[in-house]
Amino acid sequence: MSRLLLTGNGAAAWGARLSNVDYIPAFPITPQTEIIETLAAWIGNNEMPSRMVTLESEHSMITAAAAASATGVRVFTATSSQGLLYGIEMMYNAAGWRTPLVMVNVSRGLSAPITLEPDHNDVLAARDSGFLQIHCATCQEVLDSTLIAYRLAEHERVRLPVIVNQDGFYLSFTREPVELPDSKLAAEFVGDYNAENMRFRASSPSSQAVAVIGGGTYSYFRYEIHLAALQALTVYDAIAEEFNERFGRYYPAVDTYRSDDAEFAFVMMDCYATKAKDAVDRLRDSGISIGLVRPRLLRPFPELALQNALRGKKAVAVIDQNLSMGKGGILHTEIASALYGQNGAPLLASFVGGLGGRDISAEEFYQIAAALKEAAQQNITPPPRLLYTEAELRGIRKLQAIAHVEREELQARQGSHES
Amino acid sequence: MTEKFIKRMKDLPSTHLLGTGTPMCAGCGGLQALHEIYDILGENTVFTNAAGCMTLLASYPFTPFRGSWLYTAMASAPAGAQGIRDALDILLEKKRMPPEDDLQVVTLTGDGSAYGMGLSATSGTIDRQLDYLYICYDNEGYGNTGQQFSEATPHAAKTSTSKGARGFPGFKKDLFAIWAANKPAYVATVIGAEPLDLAKKIQKAKAIKGPRLILALAPCPTGWDYDPKYSNDIGKLAVDTGIWPLKEYENGKVIHTKIPRQRAPVEDYLKTQGRFKHLFHPERDAKMIGEIQARVDAYWETIRDENGN
């Protein structure tokens, strides 16, 4: 075992390398590109016995990934944002084919307007695709989760593709110290690829992904995917335990920080949750009893673990780094569905922030905590809030003013030419 | 599998490999071509399929294929071929599969995918020199959804989205030329009604490595509006009128494999199909028929020039 300074992207590449993947269909997109560049360099230097092919789109990339998986090899791929959306038709297919591939998604806000920095509307667009989702907060977690993802995907009771998600820029381009598992121990943990009955061979022809006629047949296969995804909950727990035993790092389906005895809690996913962690420490210092609850698994949804983690809290703030237009925060909706009708369910407040890489400041966490305290005192659920500061609005007004001045000057100039 | 060199009709395989009783329409020209192709390709094949009529060939739990099959999506059947070919190569390389388990990777799509939605994925496979055989059954429209016009629909044909007095205003895209321009291993046009020409080309294509296209015109009784019993006759007419030139591209050269000595007038072909009925009823549209004839004539003029005659 050795310690390296790795970016989130570097950690993802190491995860693929240590999982002994056979095949990597690729397509560049910011902020994911460093992953495939790193893998390409290793393959080019004969440090990694895998084959990489650059497709002409993410749609083709995910098709090739799933088709190769259906032929009987271990497959890794990675994408972001628009790429995920471009390929999403084939994500549904990959899950329907029950191909156990692993894809790292480096979260980035969706167009329009086009942007580069992170939020979770990309990965949440794939929420219902049948891909399982593991969300990471640190570079170490990205590497370890990739190993865990292969075990989970390939488990005989699961056999579904898995996304390992990390935030673009904040994690993908941030160097953190990462313990690199010994390659032999990692290989032992992940195991050899077992294609089971999923393969194409001359001696054993098979038809895969064939059409069905009628809702009964269709429903049968769709229910199978859902039930397999639900089974992945207990399977995940066992794999996380085993990982802990072998490597000494424990990744429960729901991560909690100072929340056991807390009256209040923040609920967040991915690496912005580390900002919440810091806020928890400061709030605790000032005497507010608050903690953090971070679902690592989004699919399957760890309902029971979330109920246990949030039961008895006075009020909970779900801070969503995504926005379902006309509804609100998506994680908020999911948490609400887990808590509805439960004894001891807390008041549940919704905050949306961190879209397109927008920061969530310590001050905002303090305000959210204050809002929770007030809600608890009055026993009223506060209305959902979109985080935005006066300074930001002022910044926008400045940009608009510049745009107007520029346009007026241009029009004045054109007017003087015409006259 | 017989590997005898096919020269005459009697050399064609007498054992037919594709199962019967499929959900294709009676008289499907695409299925006719596929039967003939499959007899020669054989069962050591894996097909990747795009959304289209033939998607229904393999409907759970039935298949007419003796070999393997993977349905992908309308835009990406060639990318499915890429994934399978790469995976088979990896398994061979790493000795995780015996060489005799290897498969010929085949993509099977209609014209909607081959000429349109799947063209980007197709282009990528040619760039990467993927070793696969692409079969397009071209029935000149989105047949499975009720024959709306596609990029392969011929000028003036009526389709369910070109019902106006003049039919389809656009022109059939030259997919053969698009492939050939990118220097693939092999490209050929075929038609089920010319089984010997088809068999020779499939036998040749089977032995070549790299990206290969077999473009089969697929007379379509439901889409083109004619009695299914005429599919073969209409196929022959497509060749005899010069509307569907039988040709192949290899080593940078295009060779016509059957040059009709005396081309029949195009109206012999047009008048057999309801989609061109407006060219003859209520009165003969001599101008439009003349235009179509002129374009066919112009094509064969360029062929004569190429051959230096």
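Predicted model: local features only at pLDDT ≥ 70, side-chain atom pairs only at ≥ 80, totals over all residues.
A:S207 stands opposite B:W69, a residue of β2(B). Strand β9 of chain A, residues 207–208, and β2(B) pair in the parallel sense over 2 bridges; two strands pair if DSSP finds at least two bridges between them. Helices (H or I, at least four residues) and strands (E, at least two) are DSSP runs, numbered from the N terminus.

Residues are numbered from 1 along each chain as its sequence is written, while chains are lettered from A and ligands numbered from 1 in the order in which they are written.

I turn to the interface. In chain B, 40 residues are in contact with 37 residues of chain A, contact meaning C-beta atoms, placed from the backbone, within 7 Å. On the side of chain B that touches chain A, two or more residues each come from β1 (45–49), β2 (68–71), α2 (77–93) and α4 (119–127). The largest share, 10 residues, belongs to α2(B). By type, this side of chain B holds 18 nonpolar, 15 polar and 7 charged residues. Here Ala, Val, Leu, Ile, Met, Phe, Trp, Tyr, Cys and Pro count as nonpolar, Asp, Glu, Lys and Arg as charged, and the others, Gly among them, as polar.

Finally, B:I255 lies in strand β8 of chain B, residues 253–258. Leaving aside residues up to four places away in sequence, B:I255 touches B:K247 and B:E248. B:I255 and B:I303 are 48 residues apart in sequence, and their C-alpha atoms are 9.2 Å apart.

Conventions. Contact = placed C-beta atoms within 7 Å.
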